[in-house]
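Student: I would like to learn how to read strand pairing and nonpolar cores in a model. Can we work through one case?

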Amino acid sequence: LLIRHGENDTVGKRLAGRTAGVHLNSKGHEQAAALVPVLAKAPITAVYSSPLERAVETAQPLAAALGLEVQFRPGLIEIDYGTFRWKTIKQLRRMKLWKDVLGNPAIVCFPGGESFVEAQARVVAELEAIAALHAEEDLVVCFTHADIIRLATAHYLQMPLNAYSRLNANTTSITVIVRIKEQIFVPHINQVAGFEIKL
């Protein structure tokens, strides 16, 4: 299960990226708590998280309910947006490179950061490494970030990277990736309670 972190005060306003100290707001804490009754009875064997606070804080209520520790996995961290980090959405829209971010991300490397190609390879390698730690029938949860979930989902759907932004990952949404032997299934994408849609 790939779960995006809960809401925080930067969502939809600023590209937080790897900025430290971005915590869930009150709605984000409510969203994290709401995951518990949804997943507490699932046969989850491990809870993994990006090391960023907003992801860890989202993972903690579920992990506590399951009696599991949150295990940090650096490969689940947000994209390194380099000099784009912490800019407002309004500022980003005025930047020439942002047009490629939206329309041709496969060619984009953020100045001082990483490319979408590198980020996708990183998260896929991390998910494969996590899968290798578990039996085929195990169910594990990875708390991470919107672009990371969309890039991973695009990979497992064999979508071209330039189409990844057509996918969505709302806060605390659940995306399900199933591996059975050599087959991959993606039965649920951006599963949100109440079917709330935010673009």
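Student: In which sense do strand 2 and strand 4 pair, and over how many bridges?

Tutor: Keep in mind that this is a predicted model. Strand 2 and strand 4 pair in the parallel sense, over 5 bridges. Within this pairing, Ala46 stands opposite Val140 in strand 4.

Student: Which sense does the pairing of strand 1 with strand 4 have?

Tutor: Strand 1, residues 2-4, also pairs with strand 4 in the parallel sense, over 3 bridges. Arg4 has Thr144 of strand 4 as its bridge partner.

Student: Which residues touch the most other members of the largest nonpolar core?

Tutor: In soluble globular proteins, nonpolar side chains tend to be buried together. Here the largest nonpolar core has 33 residues, and Ile79, Phe110, Phe116 and Leu127 touch the most other members. Elements that each supply at least two residues of this core include strand 2 (44-49), helix 5 (116-132) and strand 4 (139-144). Helix 6 gives the most, with 7 residues.

Student: What is Leu127 in contact with, leaving aside its neighbours within four places in sequence?

Tutor: Leu127 is in contact with Leu2, Leu76, Cys142, Ala152 and Tyr156. A second, separate core of 14 residues includes Ile3, Leu35, Leu62 and Phe143.

Terms used
Residues numbered from 1 in each chain as written. Predicted model: local features only at pLDDT ≥ 70, side-chain atom pairs only at ≥ 80, totals over all residues. Heavy atoms only, no water. Core = buried A, V, L, I, M, F, W, Y, C linked by side-chain atoms within 4.5 Å. Buried < 20%, exposed > 50% of the residue type's maximum accessible area, 1.4 Å probe, protein only. Helix = DSSP H or I, 4+ residues; strand = E, 2+ residues; numbered from the N terminus. Contact = heavy atoms within 4.5 Å. Pairing = 2+ DSSP bridges.
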